[in-house]
Amino acid sequence: MLAAIVFAVLSALSNACSAVLQRLAVVDRTSTTARPAWRTAIDLVRQPVWLLGALFLVSTFAFQALGLYFGPLSVVQPILVLELIFTLALRVFLLHDDITSRTWSAALAICLGLAAFLLLASPSEGDHVPGAGQWILAVSTRGLAVLVLLLLSRYGSPARRAALFGAATAVVWSVDAAFVKQAVDVLAHGGLPGLLTHWPVYAMTATGVLGTVLLQCAYAVGPLAASQAALLIVDPLVSIMLGIELFHEQLRTGPGFVSGAVVSLAVLATGVVMLSLWAPPVMTAEELARLPGRARPDEDASARRVPVNQEL
């Protein structure tokens with residue numbers, strides 16, 4: 001179980017590094033001169049900082065897969081919420097952001113809620129291998145939930161629509177995590193040939209792509225705080241239910257343990273919402289200029305075209 005926790009934490013850290021590095025690369029390119037989107041994309045691929053972020057993204061998936069191999073969904077997926085805190089820390093070290101005390105208090109609430117849940121619920125690995133009927137039932141019911149969320153997301157305020165898209169993304173990615181867990185088990189027992197000749201790897205790819213598309217829709221329709229909060233709250237909850245349903249993962253069921261776990265998850269969810277609202281805004285060209293040696297936004301454009309990797 002310790003290995004699962006370590007790899008889940010590394011996955012959250014790696015994802016935070018990827019997000020910050022690739023955002024820095026995007027802001028650096030889009031803050032210089034106006035250019036077509038395809039040209040910006042080509043420039044990004046050539047940037048060492050962007051490529052390093054892409055490498056961290058691959059590491060994120062690898063660490064998550066290892067975590068799911070060594071431990072249950074109900075442990076690995078909730079830990080991934082630490083990405084928010086790691087991102088906050090990277091903003092401090094890279095951009096020297098002045099983080100308010102209330103933002104750190106929200107981060108502390110996330111840590112306390114997560115730690116309390118893991119201690120009180122004490123999730124343990126199941127030994128059940130789900131059959132085809134169980135997979136069909138689990139995927140079809142979650143698919144129906146996604147359809148309902150997407151239908152509801154057609155109406156309402158931008159924040160409501162973003163939250164619903166974020167919740168739909170969370171459900172898809174929870175199913176994807178279950179496919180990943182099944183795929184790494186197939187890989188461990190059958191090697192690469194076994195992986196390529198069985199369905200989990202292809203189902204995992206399909207849900208991964210669908211989740212990414214839905215996430216981009218969430219970003220497009222409303223504020224990041226709404227979609228991010230919904231995503232990071234719904235994902236652990238659905239993953240815990242999938243772990244119990246498909247793999248027969250075990251949680252402590254005594255009245256006190258159940259009540260404590262519910263309260264812990266509520267504290268975690270509150271921390272996620274507050275941190276999403278109080279976190280520093282999305283990085284801009286002005287923030288990028290605060291890095292040591294960077295030109296100010298109002299200085300000569302040629303100074304702003306210095307590659308960001310030379311300053312990091």
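Predicted model: local features only at pLDDT ≥ 70, side-chain atom pairs only at ≥ 80, totals over all residues.
The protein contains 13 helices and 0 strands. Read along the sequence, the elements follow the pattern α-α-α-α-α-α-α-α-α-α-α-α-α. Of the 312 residues in the protein, 43% are buried. Among the contacts with a separation of 6 or more, 80% are between residues 24 or more positions apart. The accessible surface of the protein comes to about 14800 Å². Carbon and sulfur atoms account for 71% of that surface.

One feature of the surface is a nonpolar patch of about 330 Å², made by Leu2, Val6, Leu10 and Leu13. Leu13 is placed in helix H1, which covers residues 2-30. The relative accessible area of Leu13 is 33%, and the residue is therefore classed as partly exposed, since the partly exposed class lies between the limits of 20% for buried and 50% for exposed.

Salt bridges were then considered. Side chains of opposite charge can pair when their charged atoms come close. A search of the whole structure finds 2 salt bridges. One of them joins Lys181 to Glu125, with the closest N and O atoms 3.1 Å apart. Lys181 lies in helix H8, whereas Glu125 lies in the loop between helix H6 (101-121) and helix H7 (132-152), so this pair ties together parts that are 56 residues apart in sequence.

Another salt bridge is formed by the side chains of Arg142 and Glu245, with an N to O distance of 2.8 Å. Arg142 belongs to helix H7 and Glu245 to helix H10, so the pair ties together parts that are 103 residues apart in sequence. Arg142 is buried, with a relative accessible area of 13%. Glu245 is partly exposed, and its relative accessible area is 28%.

Rolling a probe the size of a water molecule over the atoms shows where empty space is left. The second largest pocket has a volume of about 230 Å³. Helix H8 gives the most, with 4 residues.

Leu164 is found in helix H8 and is buried, with a relative accessible area of 15%. Leaving aside residues up to four places away in sequence, Leu164 touches Leu149, Leu152 and Ser153. The C-alpha atoms of Leu164 and Leu152 are separated by 7.3 Å, and these residues are 12 residues apart along the chain. Ser227 is found in helix H10, which covers residues 224-247. With a relative accessibility of 1%, Ser227 counts as buried. When residues up to four places away in sequence are not counted, Ser227 touches Ala162, Ala163, Gly166, Ala218 and Tyr219.

Backbone angles were also examined. Most residues other than glycine have a negative phi, and most peptide bonds are trans. Ser122 is not a glycine, yet its phi is positive, at about 45°. Ser122 is found in the loop between H6 and H7, the loop that also holds Glu125. Ser122 is partly exposed, with a relative accessible area of 32%. His248 likewise has a positive phi, of about 55°, although it is not a glycine. His248 is placed in the loop between H10 and helix H11 (255-278). At 33% relative accessibility, His248 counts as partly exposed.

Terms used:
Residues numbered from 1 in each chain as written. Heavy atoms only, no water. Patch = residues over 30% accessible without salt bridge, like charges linked within 9 Å, V, L, I, M, F, W, Y side chains within 5 Å. Areas by Shrake-Rupley, 256 points an atom, 1.4 Å probe, with all protein chains shown as cover. Salt bridge = Lys/Arg side-chain N within 4 Å of Asp/Glu carboxyl O. Helix = DSSP H or I, 4+ residues; strand = E, 2+ residues; numbered from the N terminus. Buried < 20%, exposed > 50% of the residue type's maximum accessible area, 1.4 Å probe, protein only. Contact = heavy atoms within 4.5 Å. 1 Å grid on protein atoms, 1.4 Å probe; cavity = no way out; pocket = protein on both sides within 12 Å on 5 of 7 lines; lining within 4 Å. Points joined across faces, edges and corners; volume = space filled by probe spheres on them.
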